[in-house]
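Dear colleague,

I am handing over the structure below, and my notes on it follow. Please read them with the coordinates open.

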Amino acid sequence: MRLHDVAAASTDVAATSSRLAKTKRLAQLLAGAGADVTTVVAWLSGELPQRQIGVGYAALRSLPPAADAPSLTVHEVDARFDEIKATTGTGSQATRAALLADLFGRATHAEQDFLRRLLGGELRQGASAGVMADAVAKAFDAPLAAVRRAAMLGGSMPEVADALQHGRPLESFGLVVGRPVGPMLAQTAKSVDEALERIGGSAVIDAKLDGARVQVHRRGDDVTIYTRSLDDVTARLPEVVAAVRALPVESLVADGEAIALRPDGRPHPFQVTASRFGRSVDVDGAPGLATFLFDVLHLDGADLLDAPTHERIAVLDRIVPPQYRIDRIVTADLAEAQAFAERTLAAGHEGVMVKDAAAPYEAGRRGAGWIKVKPVHTLDLVVLAVEWGSGRRRGKLSNIHLGARDGDRLVMLGKTFKGMTDAMLDWQTERFLALADGPTDGWVVRVRPEQVVEIAFDGVQRSSRYPGGVALRFARVLRYRDDKTVAEIDTLATVRDYLPDGAAPD
């Protein structure tokens with residue numbers, strides 16, 4: 001397939017807001033991609049099959065003139081990316097630059113634009129994971145639900161597209177011990193009362209810890225630990241490995257939390273737990289982590305994804321001793337549920353998770369069967385820009401511009417400089433300068449929308465100042481979330497749900 005065809009499809013998809021039109025255009029491209037289908041699906045999802053090739057944003061600023069006519073193929077470009085990634089050692093930076101310049105010199109203006117955005121992480125043409133799943137299903141005339149499930153269990157949408165291209169059944173994508181599964185995510189509610197009403201019956205109510213999500217896999221004595229973003233962190237979490245290895249099982253996939261606790265059992269600040277997940281962490285000198293499991297997806301050869309929550313919990317209770325289980329009750333009684341939530345908060349934890357006792361484990365989805373309840377209103381948003389500070393904060397990047405998802409676009413909700421410590425100001429100045437996207441607008445530095453931040457706020461009000469028609473009241477920074485991606489931030493619809501009754505924007 002020609003690179004020109006992929007770049008043209010990307011442009012067409014970006015030019016329409018219609019999900020159906022996006023799906024149709026992508027499906028047409030994928031149907032004719034042949035052996036290049038895995039690469040094309042990855043690219044149009046904004047990803048590289050190589051993940052990283054050692055080309056930073058600065059390397060994309062000075063490029064050769066564009067070619068007059070298209071000549072590059074998808075295979076040639078992908079092979080060049082492999083070559084650039086494999087270039088290491090003395091003089092590798094210059095060699096990578098030369099290889100990149102040669103590639104861009106053979107690309108037309110439209111192709112250069114596509115490659116620049118792809119390598120810079122800016123390919124935001126509206127082909128979200130959901131749209132791409134729709135397109136793959138349409139291109140190969142496959143059931144959409146089966147495509148989505150296969151992608152969650154099998155690792156990636158490109159692999160599913162490749163299977164369909166070669167006529168392999170999607171049933172071959174099952175849960176495999178040792179291969180991470182997209183974690184089930186939760187919706188939100190403002191109160192325990194609201195959550196129980198939405199569940200509509202007996203609920204499993206878990207304590208919601210302010211730790212780090214982990215997915216544990218065990219086969220025999222081999223244990224692997226993954227984060228919520230499916231990164232392998234086994235070597236950094238020996239205590240979690242030991243806890244899982246001590247369980248009376250042969251094979252296991254379970255969901256849980258790792259958290260740093262004080263001697264009295266109360267949690268350390270999240271940053272203490274997060275510090276254990278850094279790439280260069282000194283495990284011997286780092287704070288210890290406790291392991292708490294709350295769900296089981298597989299046990300000794302049997303997959304449990306489709307079993308109801310109450311059955312999975314019964315299995316978990318049978319194999320996991322109390323010290324490795326999250327506190328939990330099962331009830332339909334509001335008073336009992338509220339009392340449990342209050343005890344959980346008094347112990348220093350975030351809140352509670354209210355779960356439908358009859359719901360399956362919906363891997364990779366924000367299912368209605370899980371609802372999180374926190375007493376403090378919080379949102380996970382993305383930083384769109386940041387302003388230079390004044391006075392005591394002169395020379396530091398301070399006031400951050402906050403964005404939420406609205407379909408395939410990002411919408412600004414307001415700004416905040418509150419809640420930032422001196423250490424945080426130092427960190428974010430370095431971080432956002434590295435994410436700077438083009439020239440600054442006076443004191444405003446535009447950044448690539450990659451850094452997720454957790455914001456606490458007191459309410460939401462109507463506002464004509466911002467595109468979404470709403471603004472946050474008394475927003476303040478709780479923490480930066482390196483464990484979340486922009487695809488996981490909250491939506492404008494979620495923000496609008498916090499408006500007082502009768503205050504919804506026109």
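Which hand does the crossing of helix 3 and helix 9 have? The crossing is right-handed, where right-handed means that the near helix is turned clockwise from the far one by less than a right angle, and left-handed that it is turned anticlockwise. Before the details, please note that this is a predicted model, in which local features need pLDDT of at least 70 and side-chain atom pairs count only at pLDDT 80 or more, while totals for chains, interfaces and linings use all residues. Residues are numbered from 1 along each chain as its sequence is written, and side-chain values use heavy atoms, with hydrogens and water left out.

Helices (H or I, at least four residues) and strands (E, at least two) are DSSP runs numbered from the N terminus.

The axes of helix 3 (residues 37-44) and helix 9 (residues 157-165) come within 8 Å and cross at roughly 150°, the axes being lines fitted to C-alpha atoms over the stretch in contact, with angles from 0 to 180 degrees between N-to-C directions. Helix 3 is therefore roughly antiparallel to helix 9 (under 35 degrees is roughly parallel, over 145 roughly antiparallel, 65 to 115 roughly perpendicular and the rest oblique). On the helix 3 side, Val37, Thr38, Val41 and Ala42 meet Met157, Pro158, Ala161, Asp162 and Gln165 of helix 9, contact meaning heavy atoms within 4.5 Å. By class, this contact of helix 3 with helix 9 has six nonpolar, two polar and one charged residues, with Ala, Val, Leu, Ile, Met, Phe, Trp, Tyr, Cys and Pro taken as nonpolar, Asp, Glu, Lys and Arg as charged, and the others, Gly among them, as polar.

Helix 9 also packs with helix 8 (residues 144-154), at an angle of about 120° and with the axes 8 Å apart, which means that helix 8 is oblique to helix 9. Val147, Ala150, Ala151 and Gly154 of helix 8 make the contact with Met157, Glu159, Val160 and Leu164 of helix 9. These residues divide into six nonpolar, one polar and one charged, and helix 8 passes helix 9 in a right-handed crossing.

Leaving aside neighbours within four places in sequence, Gln428 is in contact with Leu397, Ser398, Ile400, Met420 and Tyr480, and the Gln428 side chain reaches the backbone oxygen of Ser398 at 3.1 Å.

Ala341, in helix 14 (residues 334-346), is likewise buried at 6% relative accessibility, and touches Val192 and Val352 when residues up to four places away in sequence are not counted. Thr224 lies in strand 4 (residues 222-227) and counts as buried at 19% relative accessibility.

Two backbone points may deserve a look. Most residues other than glycine have a negative phi. Asp141, although not a glycine, has a positive phi of about 55°; Asp141 lies in the loop between helix 7 (129-139) and helix 8, and is exposed, with a relative accessible area of 73%. Phe474, also not a glycine, has a positive phi of about 55°, sits in the loop between strand 17 (470-473) and strand 18 (476-481), and counts as exposed at 51% relative accessibility.

Notes:
Polar contact = N/O pair within 3.5 Å; in protein donor to acceptor, adjacent residues only side chain to side chain. Buried < 20%, exposed > 50% of the residue type's maximum accessible area, 1.4 Å probe, protein only.
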